[in-house]
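Me: I would like to learn how to read a few features of a protein model. Please show me the structure and start with the terms.

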Amino acid sequence: MYDIMFSPMKIGTMEVKNRVVMTAAEFSLGQTNGQPTERMMDYYEERAKGGVGLITPGICRVNDMGAASSFTQLSMSRDENIEPMREMVRRIHAHGAKLCIQLHHPGRQGYASSINTLPLVIPITEKFPQFPSLLFKATPLLLSLEQKRLCMSLQAPSRCELSAHGATRIHAMTRREIKSTINDFIQAAVRCKKAGVDAVELHSTHGYLLQQFLSPNTNRRRDEYGGSLNNRMRFIREIILGIKKQCGSDYPLIVRLCADEMYDRIGKAGKGYDIEEGKRIAVELEKLGVDAINVSSACYDTYNYWLEPTSFEPGWRAYLAKEIKSVVSIPIIAANFIRSPEQAERQLAQGYQDFVGSARNFICDAHWAEKAQEGHPEKIRRCIGCLHCIKSFIANAAVGGVGECALNPTVGIERQWNELKPDGNGRSVLVVGAGPAGLAAAITLAKRGFAVTVFEKSDSVGGQVNIAAAGPHKDKLRWAVEDMLRQAQNMGVCVKTGVAADENMLEGMKPYAVIIASGGEPLRPQSIEGINGENVYTAAQILLGKIKPEGRNVAVIGSGLTGLETTEKLNELGNRVTVIEMADSVAPGAWFQFVDDSMSRIKPYGTQFLLGTRLERINGRELELSDKNGKSVMNADCVVLAMGVKPDNSLEAKLETKGIKCECVGDALRGGTIGSAVHSAFNICMEI
């Protein structure tokens, strides 16, 4: 069905059984000494079982002193890590897959709190295994010291502007530091080869140290390591030649290359380097003996152009891989925001690339490749680009936790999930609500052997997702409920739509338990006079197209993600929008990538934002506001409330009075995201 994708191909001397590559994404599954844990090996082995041809785990540091991006990432900086890595190789090879280790140094995008810390943490942890838990409790303090610049400085090619998301202090590397770091990369590769690792990859994209040397934006040196492109390539050149010399010219070496820093996409054309220089770099890499190029793009300053949010179209950056492929003869790996086997096969057939790469597809569905190869792509759980993975990783890694997937709550507990005993014994569990929380609950309970019936009062499943997916460029969010519905039904779950379940009906069915996943209702604070006026609507009414104001003056109350999406919709309808937000910043608490994404489309319309401003009263078209300077009045033809949701959980008390065991999940428990809804349902239903 996908003949090219599932045909073998060589990268240097390494033959990969198919063209499917799991590219690196750090999930903090390791331990402080950099050795793989059982949990990490279970995670990657599940992807090998799932049909991936080549697996590249998350970033692997090359020295412990100042090259860490996470206390629990892989490391090949010490000989002690060779044998543990050999076991990981064995487990990946057992399923016919190959293992590539990505060698990495964060440069200006690292954490200063790690400098000089790990060399102390590792031996202490060997004697006192509980020590990391104490260390992670101190993480907030360490990070706050970084923000205050009370920290060591991180290495960078030269003094330059700070990264948008990175260290607060950097210093230009001395020649001695450069030579030492080059040797770190080489020796890490040597250890990988000794451990039986099939290939190594140099991480030279997303703004990390190797790319920093390539970019004129971050490399302003005046010696032999800066200036001309030839000089800026000297750092990576010496690493490549050193690896080839010590590991042998036949040891497969891949470079993950930033083909274009994408500064033009954020209105800074001419900054950094573009695709034309990216092509020149690729040509030189081939001459140096690199066996494949893994094409990527952007850096932390241009985050959305390497780790795309939901709104981006699949394949939007495939042209980068094609441009690089046009100037080299070695294999090209590229992710290109691939979201379906059909897209993957098409891009292979059209010559955009030789291998299809992805991290998020295989995080979301470990058996993505297997399902495609068996001719059942409809069974794939599709990644919706919600960015819960990166958001959760950054938040959790700081406190010793691991990354998550919004739609796959079994990430990091693969063995536990596979060995889960069906202890439900056919007992009846009823689920009220068929949004993501309700469907996730049904899937989890069905896996445990319960007989599950889901009741949804509306005529279709989805709940709050239907509202979110109605926002501009957010249609892919519907994949979440479509795929979960299919999975639930395949597991024998009965889903009944158009049925409003009440306590009497549920009691009559004599369930073992009831899961309340009835979602939430738009918040409409009755303390605000005029909040129920005829010109006051909810964000849901606008997004779902039930109300379509055109050419009007509209006030949107709340600048959270729902408020921004509603503003986008209103802008497209030709309205003049003013957003009123109590906080002093737009979308407080929201993940910055989504804010940047929405604001890039909102700004051209001239939308006004009144921050630090409270809505006090609505009197027809007159709005009374207050801020630190006092009260003011503005006029608006209509008001749209985007103030969040309140849980709809009134059924809980009614069931409890009847002695029926029940649990609230998702928005019925507390408002949140698709990811928080799925995980709350999963966690509760694993224990009920």
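Reply: Buried means under 20% relative accessible area, exposed means over 50%, and partly exposed lies in between (1.4 Å probe, protein chains only). This is a predicted model, where local features need pLDDT of at least 70, side-chain atom pairs count only at pLDDT 80 or more, and totals for chains, interfaces and linings use all residues. Residues are numbered from 1 along each chain as its sequence is written, and side-chain values use heavy atoms, with hydrogens and water left out.

Me: Is Arg-280 buried, exposed or partly exposed, and why?

Reply: Arg-280 is partly exposed, because its relative accessible area is 44%.

Me: What does Arg-280 form with Glu-277?

Reply: Side chains of opposite charge can pair when their charged atoms come close. A salt bridge is a side-chain nitrogen of Lys or Arg within 4 Å of a carboxyl oxygen of Asp or Glu. Arg-280 forms one with Glu-277, and their closest N and O atoms are 3.4 Å apart. Glu-277 counts as buried, because its relative accessibility is 13%.

Me: Which residue forms a salt bridge with Asp-42?

Reply: The partner of Asp-42 is Arg-91, with the closest N and O atoms 2.4 Å apart. Asp-42 is buried at a relative accessible area of 13%, and Arg-91 is buried at 7%. Both belong to a network of salt bridges that also links Glu-38, Glu-45 and Arg-415.

Me: How many salt bridges does the structure hold?

Reply: The structure holds 40 salt bridges.
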